[in-house]
Amino acid sequence: MFKPLIFITLPLILSFHDFHVTHTTLHYNSDLENMEITIKVAIEDLELSLDNIELRIGTLNEKKSSEEIIKNYFKNHLIIYGNNKIIDYKWVGKEISDNLHDIYIYYEISNFNQNDKIKSLILENTIFIETTHNQSNIVLIEFEDNDYNLTFTKDLNRQKIEIIR
Amino acid sequence: MQLIQKKINFFILFLFLTPYMCAQDNLNNSKFKQLYEKLPTPNVYRTASGAPGHEYYQQKADYQINVELDEEKNILEGNEIITYTNNSPDVLNYLWVQLDQNVRAKNSHGQLTTTNSMNNKMSFRNIKRMHDRMNFDGGFKLEEVRDTYNNQLAYIINETMMRIELSKPLRQGQSFSFKIKYSYNINDRMKIGGRSGYEYFENEGNAIYTIAQFFPRMAVYNEVEGWQNKQFLGRGEFTLPFGDYKVNITVPSDHIVAATGELINAASVLSKNQIKRWEKAKNNFVDPVIIVTEEEAKESEKEKSKSKKTWTFEAKNVRDFGWASSRKFIWDAMAVDISGETVMAYSYYPKEGNPLWEQYSTRVVAHSLKVYSKYTIDYTYPQATSVHAKSIGMEYPMICFNFGRPESDGTYSKRTKYGMIGVIIHEVGHNFFPMIINSDERQWTWMDEGLNTFLQYITEQEFERNYPSRRGPPNNIVEYMKGDKSGISPIMTNSESILQFGNNAYGKPATALNILRETIMGRELFDYSFKTYSERWAFKHPTPADFFRTMEDASAVDLDWFWRGWFYTNDHVDISLDKVNWFKINTGNPEIENTISKNQEENKNTYVGISRNKSSIPKTVTEFDDQSIDFYTTYDPFKTNILDKEDYSKYMKNLDADEKEILKSAKNYYELHFSNIGGLVMPIILEFTFVDRTTEVIRIPAEIWKKNSKEVKKIFILDKEVTNVRLDPFLETADVDLNNNSWPARNEPTRFQIFKENDKKKENPMQRAIRAEEKSNE
C-alpha cells in the first residue's frame, strides 16, 4: 500500500553512467489492421524497476514467473487510449537483443483501426520513472502514412496526438 | 572541323512516378560548404593541417602526495605539494585548482542544478538514495594552503574551483610550488553513487576502496580556453595537465593497494613469496601469474589489522592519479609485449569476482593494450590495471575500475560475461583517449568516449568473432537517429547539455568513425589518418578541429560535409530509391527495331473486352467481306520497306567506327532517381541483380549530392538486364528506412514481424520435451 507523504522537492546529484532511455515503436500493420508494439529497454533497468534482480532475465535460470511480472509491469506503465478509451493489448513475446544488453517486449492490438475510426491517441508512458529520476522514454508511432515522434519524461508522461488523414 | 549533330534515339521500357521536391534561398547552404566558420582560425599553436603548431606549449603540474585511509570512519586525510610550471608565453597572476570532491558537498551547484521532480509514485530505493545524498557531508575540508616557505596563500573557493593568488606573477618558464593539507569523507558508492568511493561488504565488515579525484588538482591553462575552470557538475568529466607524481598511500597493513604508476617499495609491503611471483609474472607473456592468491585474500579478510603500511608509487607524465585498496584483493599479472617493450597487465579483484575475473580480466587488459597500440601509438606507460568495482566503469591513467560480478553461487550470465569484457576493454582503452591523447573532457565528451568506443568495437571484434558489441555497427544507431529530434542534440554539444548521453557521445561518434573507416575513406586511408592524429596529439591537448583537420590532411579526403552533417546536426540518413527507368539504344535499323516494336505492341496489356471478343465474335465484317478491305485494313506499321532501309544506310554512313560500336553494343541503360529524405548526404551503394541471378555492387561517393542534396539521377550502363536493385545492401550507412531502398519496391519486415513469424513456427523447448515424452510413452 502506498502511503501519501508530503515531500519538499530537492535536487539530486547525477549518478555515473546512468543513460536511461527506452524506445517504443507502435507500428500499424495495415494488412492485418493490427497495432504492433515493440518496447526496447535495458535489462539492467528493468530488473531494477521490478525490484527483483533474482528474475535472471535472459539466462538459463530465468524464473518462470518473470514473463507474467514483465507483462504486468508494462501494462501498468504504457497505457494507450484510442478516442479517449483505454485499449487493451495482448502479449506476443519477449526476446533478448543480440548484444545482450536489452530486452525487446512485444504486444499487439488486434483490429486496431476498423474503418478509420481512430481519430486520436493518448499515450501514458511511465516506464522506469519511479526508479530513475532522469528517465526518457522515446516513442515512435508509425500509423497509416504518418510518423509521430514523442519523448516522455517524469514531467511529461501523458501525450495526445490527433491522427492526420 | 565539321560538327554533325548526331543523335541516338532511346526507347524507354519502364516508368514509375516520383514526387518532386525543390528548395532554394540566396545563401550557400550546400551540405558540402567548407567548415571555415565552424572551426577556429589556425595559428602558431595549432596548424591548419591539424597538427601542433611551432609554438605549441602546455603547462606542467607535478605532485608529491601523502594520503592516509581511516578505514573505520571512512575518511581520507592528505597533504600535497603541487609544483606548477608555466610554459605559456602569458604572465599568470593566479592559479586555478580543481576541488572535484565538492560536487558532493551539501547544496553544491551539481546538486542544485540537477533538475528533478516529485510525483506520488516513487520507489523507496529512490527516496532512500535521495536522503543519503542530501545527508552526506561530502567535499574537501581544507586545513591549509601555504607556499613552500609556510606562508599562507590567499585563495577563494568557487564551488569546485579554487583560485590561488600569487604573490608575484608567474612568467614563462617559471615554476611555483605550494602545499595543501586536506581531508574528506569517502562516499559509499552503493548508497549515493559516484565514480569513486567504497563498496561495503556487510556480511564480513570489509570494503573495497576505489579512490580518485582525491586531491586538489591543477586546472588546464592553454590558448583555447584560457583557464579551463568550467565547474564540475557531474557529467562533463576532467581536463588535466600532465606531470610527474610521487604518492605515498598509508592503509591498514593487511590491505593490497593498486595504483597509477609503479610501486617502488615492494620489499616493505609485499611478502617475499609475493615478490617472487611478481618477478615470475614479468617474464610470463602467455598466462597471468597470481601474485596474491584467493587463499591469502580470504585469510586477510578474517581479521582487521590495526597497524598500517605505506605504499609508494611513482608515475611519469600522467594527467591524474587513482588507486584502490582492500584486504579482499586477489592480484594477478602478466607481461605484454608492445613493440619489444614489456608492459605489465594487472588485475585486482575480490573472491566475489571469481571465476570470471581470474579467467578474463588480465587477458582482456593485455589484448586491449595490443589492439589499441596497433591503431594509435605504442602504450608507453609501464603497466595497466583493472580493478573490480561493482556497477561502474571508470578510468584513470594506468588504472580503471570495472564491473562484472558473478552470482553468489559462482554462475554468471552471458550478459555479465560480455558486459565485463566490454567494460574492461573500454576503460583500459581510456588510457589512450583521454589519458594520453589528452582532450578536454569537460567540454567534449565525444572526443574521448566516442573515439574510445570506436576502438572498443574493433578490439571486441578481435577478441571473439561476432562479439556481441553494443555500439559500432551502423544499424545499431538507427533507432536513436530517427527518434524525436527534440530529444537529440548534435555531437558538438557541451558535455553538460547533451541529451541521451550514451547515444550522443558514445554510440553516434563511434558509428560515424566506423562508417568513415568502412565506407567513406576505406580502412587504409582511415587507419593511417587515425594513427596520425594519435601520434600528433599523444601527451598533448587536442581539440575537435585538430581531429577533423588531421583526418583530412593525412588522407586527401574532403570530410567537411561529413563532420558538418554527422557532428554539427541532428539529421539522419534516409536515402530513397524513387524510380528506375530502363533504356535500350535504338539501333536505327528498321528490321531490328520494327520487330522489337511489334513484340512490344503484341505484349501490351489488353482490355478484357478485346480478348473476350476474339472468341465471341467468330468473324468481323472485314474478315468475311473482301469488299470492305482497303490500304489501311492491311497496313502493317512494323513492316520494313526500301525507303526505311535507305534512310538507315544513310544514317550509318554518317557514323564513325566508335559510334557504330556503341550502336552494336546492345547495352542496357538504367536511369535511377534518388531523393534524400533524412538530410545527411551519404554515399550511394547499389547492388544490381541481373536476369541470370548474378549481382554487381556499385559504390558512388557522397559527392554525388554536391550540386543538389535533395535529389539526384544517375545512369548505369549494364550488359545485362536488371531484375532487382537494392540501396545500401550491406547496411553500412545507418539508413533509417529500408522500405524505400529497393526496386521493385519491397517492405522489410519489422523486428516485431520477424519475431512473431518465428514464434508461430516453434514450440518452446519445454513443450517439445513434453510432447516427445508423450510420444515415447505411446
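Below are some questions and answers on this predicted model.

Q: Why is Asn111(A) called exposed?
A: Asn111(A) has 9 other C-beta atoms within 10 Å. The word exposed applies at 12 or fewer, so Asn111(A) is exposed. Asn111(A) lies in the loop between strand S6 (102-109) and strand S7 (120-125) of chain A, and has a positive phi of about 45 degrees although it is not a glycine.

Q: Why is Glu159(B) called partly exposed?
A: Around Glu159(B) there are 17 other C-beta atoms within 10 Å. A residue counts as buried at 20 or more and as exposed at 12 or fewer, so Glu159(B), with 17, is partly exposed. Its phi is near 55 degrees, a positive value in a residue other than glycine.

Q: What makes S5 and S16 of chain B edge strands?
A: The open sheet of seven strands runs in the order S5-S8-S3-S2-S14-S18-S16 (chain B). Strands S5 (141-147) and S16 (262-263) each have a single partner strand, so one side of each is left without a neighbour in the sheet.

Q: How do you know that S5(B) and S8 of chain B pair?
A: Two strands pair if there are at least two bridges between them, and six bridges join S5(B) to strand S8 (residues 175-185) of chain B, running antiparallel. Within this pair, Val145(B) has Ile180(B) as its bridge partner.

Q: What makes strands S10 and S19 of chain B a pair?
A: Three bridges link S10 (residues 206-211) and S19 (residues 323-326) in the antiparallel sense, and pairing needs at least two. Tyr209(B) stands opposite Ser325(B) in S19(B).

Terms used
Residues numbered from 1 in each chain as written. Chains lettered and ligands numbered in written order. Predicted model: local features only at pLDDT ≥ 70, side-chain atom pairs only at ≥ 80, totals over all residues. Helix = DSSP H or I, 4+ residues; strand = E, 2+ residues; numbered from the N terminus.
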